[in-house]
Amino acid sequence: MKLTDEEKKMLSGEYGEMVKKSMDILVTLGDIYGAKKMLKTNNVHSPGVSYRVTGDAGLNFVKEAAFKYNSCSKCSMTLNTIGIDYDKAEELGFSKEFTSKQRELLKAYEKIGALGTYSCTPYLIGNIPKFGEHVAWGESSAVAYVNSVMGARTNREGGPTALAAALTGRVPEYGYHLDENRLGDYLIKVETKLECDRDYGALGYYVGQIVGDKVPVFENIKDPTLENLKALSAALASSGAVALYHVKGVTPEAKINKNILKDDVEEIIFGEKEMGEVGRKFNKSGNVDMVLFGCPHASIEEIKKIAKLLKNKKIKSEIWVTTSKPVAELGERLGFNKTIRDSGAKIVTDTCPVLSETVRDYDLMLTNSAKMAHYAPGLWNLDTVLISMEKAIESAIDGYWGGDL
Amino acid sequence: MKLQGRCIVQGEVNGEALVTNDNISFMGTINPNTGVVIEKGHELEGECLKDKILVFPQSKGSTGGSYMLYDVVKNGVGPAGIINIMAESIVVIGAIVAELPMIDQIDIDQIKTGDYIFLNATEGTATIERRE
C-alpha cells in the first residue's frame with residue numbers, strides 16, 4: 001500500500017507506540033483487502049464499548065491506549081451502547097463487578113477524547129456524516145444505516161480498527177469506500193405489504209440470511225419511515241453481515257444512479273410465505289416475562305407511540321424501552337416518559353439486553369425488533385417472539401401471548 | 001490433502017477441525033468465558049471452540065465480534081486457528097489483534113469435523129489428515 005510521508009511516520013513509531021500499533025493494524029487490514037492507499041477520516045463511531053463485548057482483553061487494550069500511551073483521538077468519536085444504564089445500574093440489577101469494569105472502560109474512552117453518547121443510533125443524536133463522507137463506524141445496524149440511508153461510506157469496523165482510525169485519522173481504502181463495491185448484488189422483490197417496524201425486521205432477517213455480506217437492492221418498498229429503515233438495517237446485519245443496501249426510489253444512491261444493480265443479479269422474492277417463515281421462527285405462546293422496544297435505540301417518535309399505547313394502562317409483564325440519553329431527556333420533557341412509567345414500564349438508557357449483563361431469569365420475551373429476537377435467545381437463554389408494537393403491548397397488559405400472529 | 005488459500009494472519013498451528021456451514025458472530029454465537037456456542041439452532045450449538053481449528057464460511061452480525069474473538073482467545077478457550085471461505089472484516093480484525101493464525105479462500109467442503117489440520121497460515125495452506 002502506498003503511504004504518505006505522514007503515514008510512514010505514524011507507522012515508524014515517530015508519534016508513539018500506540019499510533020504505530022494502530023497504523024500497523026490498518027495497513028495489515030488494507031493489505032488483505034487490496035487497499036492502494038489510506039483515506040483521511042474525521043468521523044468515528046466506536047463499537048466495543050460494552051464490557052460484555054470487550055471482556056478483560058478489550059478493556060485492557062483500551063486502557064493501555066488511554067493511560068499507558070496517553071493516546072488522543074484525532075477525530076470526532078461517538079461511543080456505542082454500553083452494558084449498563086449509566087444512571088440506574090444498581091436499580092436494574094447489574095452486578096457491582098460488571099458495573100465497575102464498565103465504568104473503567106468508559107473512563108479510558110473518555111481519556112482518549114471520545115464522546116459518551118452510549119448509543120447504537122448515533123445518527124439520531126448528532127453524529128450525522130455528510131453524503132459521500134468517508135467514516136469509520138462500527139455497530140452493525142448503524143453501519144448499514146449510515147451507508148445506505150445517509151450515503152456516507154464505511155466498512156464494518158470492529159472496536160480495534162475504530163480506535164485505530166480515531167488515533168490516526170485514517171482508514172484503508174477498500175470495500176465500501178470504493179464506488180465499484182457499492183453496486184447491488186441481489187434484487188429483492190417485495191411482494192407483501194410492510195406495515196410496521198416488525199415487518200421491516202422480518203424482511204431484513206430473511207434477506208440477511210441469504211445475502212451474507214453482499215449488497216441487496218429492494219424494489220417496491222413505499223415511503224418507509226426512519227424507524228422502518230432502522231429496523232431493516234439492524235435485521236440485515238444480524239442474520240447476515242450486510243453493510244450496505246439500497247431501496248429503489250428511496251435511498252440516495254439508488255435515486256442518483258439508475259443502474260444501481262450489477263449485471264445479471266440473482267432475484268429474491270419476499271412475499272407472504274417468506275414473511276410467515278420468519279414469523280414462525282420467532283413465535284411461541286406462553287406467559288410473557290418481558291417486552292423489549294428500542295433495538296436499535298428508540299427514536300422520539302417511537303417513545304411517543306409507546307406512551308400513547310400505554311396511556312392509562314397497567315402492565316403485568318416487564319417492559320423495557322431502551323434508548324439514548326438525549327432522546328430520553330426529550331421524552332421526559334414532553335411527558336411521554338411519565339406516561340410510560342405510570343403503566344409500570346421502564347425507560348432504560350445507554351444499554352440494551354444484547355449488550356448488558358444478563359440479569360433476569362426469564363423464559364419468554366416479546367419484541368418488535370428482529371435483531372433482538374435473534375440475539376436474546378442465546379444471550380439470555382429464553383425464547384423470543386417477533387411481533388408488532390401494538391400486539392406486544394396488548395400481551396404485556398394481559399401478561400400472556402397466545403401465539404396468533 | 002493440502003489446500004491452498006490466502007494468508008490473513010500469519011502463524012503455524014495444528015489441531016482438530018470443527019466445521020460448520022453456518023456463519024458465526026463472535027458476539028452472540030459464542031460465550032467468551034467458556035468458548036461454547038450458545039446461538040440457538042446454530043449447527044455447532046453446545047460445541048466448544050477450545051484449541052480447535054474453526055472452519056466456517058464467514059463472520060456475520062455484530063461488530064462487537066472483533067473484541068469478543070480477542071477475549072475468547074485471551075481467556076484460553078478460543079480456537080487455535082481459523083479457516084474461512086471469504087474473510088469478513090469483523091473476524092479479521094479480531095484475529096489480527098489476537099494474533100490468531102487465519103486463512104481464507106478455502107473450499108471448506110473438503111474438511112470434516114474431526115480431521116486433523118496442520119495450518120500454515122503464513123503460506124496460506126491447510127494440510128488435512130482424515131481420522132475416522
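Which domains does the domain assignment of chain A give? The answer is domain 1 at 5–179, domain 2 at 183–278 and domain 3 at 282–401. Before going further, please keep in mind that this is a predicted model.

Let me start with chain A as a whole. Its secondary structure comes to 15 helices and 16 strands. Of the 405 residues in chain A, 57% are buried. On contacts: take those in chain A between residues at least 6 apart in sequence, and 79% of them join residues at least 24 apart.

Now back to the domains, and to one pair of them. The C-alpha centres of domain 1 and domain 2 of chain A are 27 Å apart. Between these two, 14 residues of domain 1 of chain A are in contact with 15 residues of domain 2 of chain A. On the domain 1 side, the residues that touch domain 2 divide into 6 nonpolar, 7 polar and 1 charged.

Last, the interface between the chains. Here 32 residues of chain A are in contact with 31 residues of chain B. Which elements of chain B give two or more residues to the side that touches chain A? They are α1 (65–74) and α2 (89–98) of chain B. By residue class, that side of chain B divides into 12 nonpolar, 13 polar and 6 charged.

That is what I have for today.

Definitions and conventions
Residues are numbered from 1 along each chain as its sequence is written. Chains are lettered from A and ligands numbered from 1 in the order in which they are written. This is a predicted model: local features need pLDDT of at least 70, side-chain atom pairs count only at pLDDT 80 or more; totals for chains, interfaces and linings use all residues. Helices (H or I, at least four residues) and strands (E, at least two) are DSSP runs, numbered from the N terminus. A residue is buried if 20 or more other C-beta atoms lie within 10 Å of its own, exposed if 12 or fewer, and partly exposed in between; C-beta atoms are placed from the backbone. Two residues are in contact if their C-beta atoms, placed from the backbone, lie within 7 Å. Ala, Val, Leu, Ile, Met, Phe, Trp, Tyr, Cys and Pro count as nonpolar, Asp, Glu, Lys and Arg as charged, and the others, Gly among them, as polar. Domain bounds come from an automatic or database domain assignment.
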